[in-house]
Each structure stands twice: as structure tokens, then as C-alpha cells.
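Could you walk me through this model in my viewer, one selection at a time? Please tell me what to pick next and what is there.

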Amino acid sequence: MAFKLLMQNSRFTLNNVQTRLFSQTSPLNRVENVFIIGSGLMGSGIAQSCATTGKFNSVTLQDVSQEQLNKAQKRITASLTALKEKKRINIDNAEEVANRITFSTEIKPANDKNLLVIEAIPELLEPKQTLFKNLSEQFKGNNSVILATNTSSLPCSEIGKNVEDKQRFAGLHFFNPVPMMKLVEVVRTLETNDETFEALKEFVKDIDKVGVSCKDTPGFIVNRLLVPYMQEAIRMLERGDATARDIDIAMKLGAGYPMGPFELLDYVGLDTNKFIVDAWSARGDPNLVIYKSKLLESMVSKGNLGKKSGKGFYDYSTGKKA
């Protein structure tokens with residue numbers, strides 16, 4: 001009898017403690033509104049993914065150019081139409097989904113309650129730093145706003161050095177093409193707090209993608225492994241060990257990769273790859289040694305940037321290797 005009473009009292013005490021703990025912990029605020037800055041391939045893809053789920057009160061895509069926004073809107077509608085026809089997404093009307101997105105030239109979200117701001121401008125450090133300094137001032141005092149960068153190679157902490165509330169700043173690295181690629185790297189800086197990190201992981205789930213957690217290191221997970229691999233493939237080509245086509249075939253059939261390194265370089269853009277290599281090399285980090293290719297630099301200087309320019313390691317006007 002005494003043992004039974006002791007156990008009852010223990011449960012009562014434990015329940016009281018749990019109740020006090022939960023009542024003192026602020027609830028996790030889910031992202032309700034999304035504001036994407038930059039309407040290029042990445043920004044428009046993120047906006048499309050958010051709009052497709054229909055889980056947000058507002059989705060706003062911002063750019064300084066109305067012309068770029070018009071292109072983004074057409075791109076999004078065309079992408080949604082193609083995915084619907086291929087039955088890769090379950091929507092009734094592509095234009096209706098695209099109309100869930102507000103296209104704006106102003107840095108002004110439709111709603112700033114439980115807002116996630118995602119920066120997707122070109123991969124240049126100083127413009128990103130300036131943007132986040134302005135955003136930090138604009139949303140100062142609003143503890144429901146999270147700021148995130150979509151950088152693929154620059155350290156998030158350096159991008160957000162001017163952010164006042166660094167606890168609500170982190171990285172969300174999407175992959176191109178965003179509507180098709182399921183992975184998002186959720187990057188936590190030393191200052192990112194638990195609430196922000198958990199909210200970002202929930203956001204990734206809400207847009208039907210898979211998030212992986214990683215620290216704020218150069219290249220995070222994927223690019224830290226992928227970029228050196230592509231550079232080594234170029235070095236192999238420069239040595240004359242094999243042709244670009246044979247290297248691509250070997251990696252696809254031998255390693256099971258969906259694309260070979262040169263196909264991937266052309267798809268991503270040789271200029272993008274060169275920028276990452278240059279940025280990493282400039283850091284002087286002995287743990288970040290990467291091969292700098294004269295061939296790559298020559299191709300970029302000639303404007304042979306890959307698929308987007310019509311010519312890279314392959315000539316897309318003929319289908320033959322350049």
C-alpha cells in the first residue's frame with residue numbers, strides 16, 4: 001500500500017514538473033509566409049515549390065527588375081504545366097498555382113507574421129552582406145521572422161555578419177532544378193538557435209523535400225564532395241587520360257551516377273564552378289585544397305559556360321563534345 005501511494009505521488013510530482021516545463025517553453029512557430037529575394041532559376045524554383053504545396057498564407061517572389069519577374073512567372077507556369085502533364089505533381093491548374101505567388105519589385109512581404117525570408121541572389125559576398133544588413137534593420141524587433149541564405153559555397157556566418165539577431169539566421173541550400181530535387185541542406189551557424197533550426201526543418205518538410213542538417217563549413221556536404229570530384233575529372237581530361245565523354249560514361253555506368261562530371265559541369269555552369277573554386281582557393285585553408293584548372297578558366301573567359309550558353313564541354317547545337 002505504501003509502495004502504491006509512493007508511485008502515485010511520484011507520478012503526480014513528475015506530471016507537475018512536465019506541465020511546468022512545457023508551459024515555460026515557447027511553442028515552435030511554423031513558417032506561414034515566405035518571401036524569396038531573387039527571381040533567377042533558384043529563387044523562382046523555391047517559390048514554385050512553396051506555391052505547389054498550398055500550405056502557406058503567402059508566397060512572394062522579389063526582384064529589382066519587372067522584366068525578370070515576368071520571365072520568372074512564365075518559367076514557373078511552364079514548369080508546373082510540364083510537371084502536371086508528366087504526372088509528377090498533383091495539381092488541377094498550373095496557372096492557378098502560379099497565381100499563388102505575388103511578384104514584386106519591392107522588398108516588402110505580403111505578411112510578416114511567422115515569415116521566412118530566403119535570399120537567392122547571385123553568389124557574391126558583398127551584395128549578400130549588404131542585403132542582410134538591410135533586412136536585419138527592416139525586421140528589427142519582429143521575433144517571428146527568420147532570415148536564410150541559399151548560398152551554395154560561401155560561409156553563412158560571413159554572409160550574415162551584419163545581421164543583428166544571428167539566432168534567427170541560417171542557411172537553406174536548395175539544388176537545381178528546385179522543383180525536381182528533393183534535397184535541402186539546412187545549415188546551422190554557431191549562433192542559430194534551436195527554435196530557428198527546428199522551424200527550418202519543418203519548413204523543408206512542408207514543401208515536400210528532405211532536409212539534412214550540416215554545419216556552416218565551405219560547401220556544406222554535397223559541394224564539399226562534388227566540386228573537388230568535378231575538378232579532378234577536368235584534371236584527368238587535361239592529362240589526356242580519357243575523353244570527357246568516356247569519363248562521363250564511366251561514372252554513370254561504373255558508379256551509378258545519373259550524370260557524368262562534364263555533363264554536370266555544363267548543367268551547373270562552368271562560371272558557377274569557377275567562382276566556387278576561386279572562392280575556396282582564396283581562403284587559404286589547408287583543409288580545403290582544390291585543383292584550379294587552366295582549361296576551365298580559358299573556357300569561361302571565352303564565354304563557353306555550358307548548357308546556358310550553348311557550348312561547354314559539349315556543343316549543344318550538335319550534341320557533340322566541344
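For the first stop, helix axes are lines fitted to C-alpha atoms over the stretch in contact, and the angle between two of them runs from 0 to 180 degrees between N-to-C directions. Keep in mind along the way that this is a predicted model.

**Stop 1: two helices.** Select residues 222-239, helix α8, together with residues 270-282, helix α11. Their axes lie 11 Å apart and meet at an angle of about 105°. Angles of 65 to 115 degrees count as roughly perpendicular, and α8 and α11 are therefore roughly perpendicular to each other. Now show the side chains where they touch: α8 brings N223, R224, V227, P228, M230 and Q231, while α11 brings N273, I276, V277 and W280. By type, this contact of α8 with α11 holds 6 nonpolar, 3 polar and 1 charged residues.

**Stop 2: an aromatic pair.** A pair of aromatic rings is described by the distance of the centres and the angle of the planes. The structure has 4 such aromatic pairs. For one of them, select F56 and F203: the ring centres are 5.7 Å from each other, with 50° between the planes, and the pair is tilted.

**Stop 3: a pocket.** Next, look for the second largest pocket, which holds about 300 Å³ of space. What lies nearest its centre? Select T52, R88, I89, P179 and D208, which are among the 16 residues of the lining. Two elements give two or more residues each, α2 (41-53) and α3 (66-85). Of these, α2 supplies the largest share of the lining, with 4 residues. Coloured by type, the lining shows 7 nonpolar, 5 polar and 4 charged residues.

**Stop 4: two backbone details.** Zoom in on N176 and P177, which are joined by a cis peptide bond with omega of about 0°. P177 sits in the loop between β6 (169-174) and β7 (183-188). Finally, move to N114, in the loop between β3 (101-104) and β4 (115-119). Although N114 is not a glycine, its phi is positive, at about 45°.

Notes:
Residues are numbered from 1 along each chain as its sequence is written. This is a predicted model: local features need pLDDT of at least 70, side-chain atom pairs count only at pLDDT 80 or more; totals for chains, interfaces and linings use all residues. Side-chain values use heavy atoms; hydrogens and water are left out. On a 1 Å grid over the protein atoms alone, a cavity is a set of points where a 1.4 Å probe fits but cannot get out, and a pocket is an open set with protein on both sides within 12 Å along at least five of seven lines; lining residues have an atom within 4 Å of a point. Grid points are joined across faces, edges and corners, and a volume is the space filled by probe spheres set on the points. Ala, Val, Leu, Ile, Met, Phe, Trp, Tyr, Cys and Pro count as nonpolar, Asp, Glu, Lys and Arg as charged, and the others, Gly among them, as polar. Angles under 35 degrees count as roughly parallel, over 145 as roughly antiparallel, 65 to 115 as roughly perpendicular and the rest as oblique. Contact means heavy atoms within 4.5 Å. Rings of Phe, Tyr and Trp (its six-membered ring) pair if their centres lie within 6.5 Å; planes under 30 degrees apart count as stacked, over 60 as edge-to-face and the rest as tilted.
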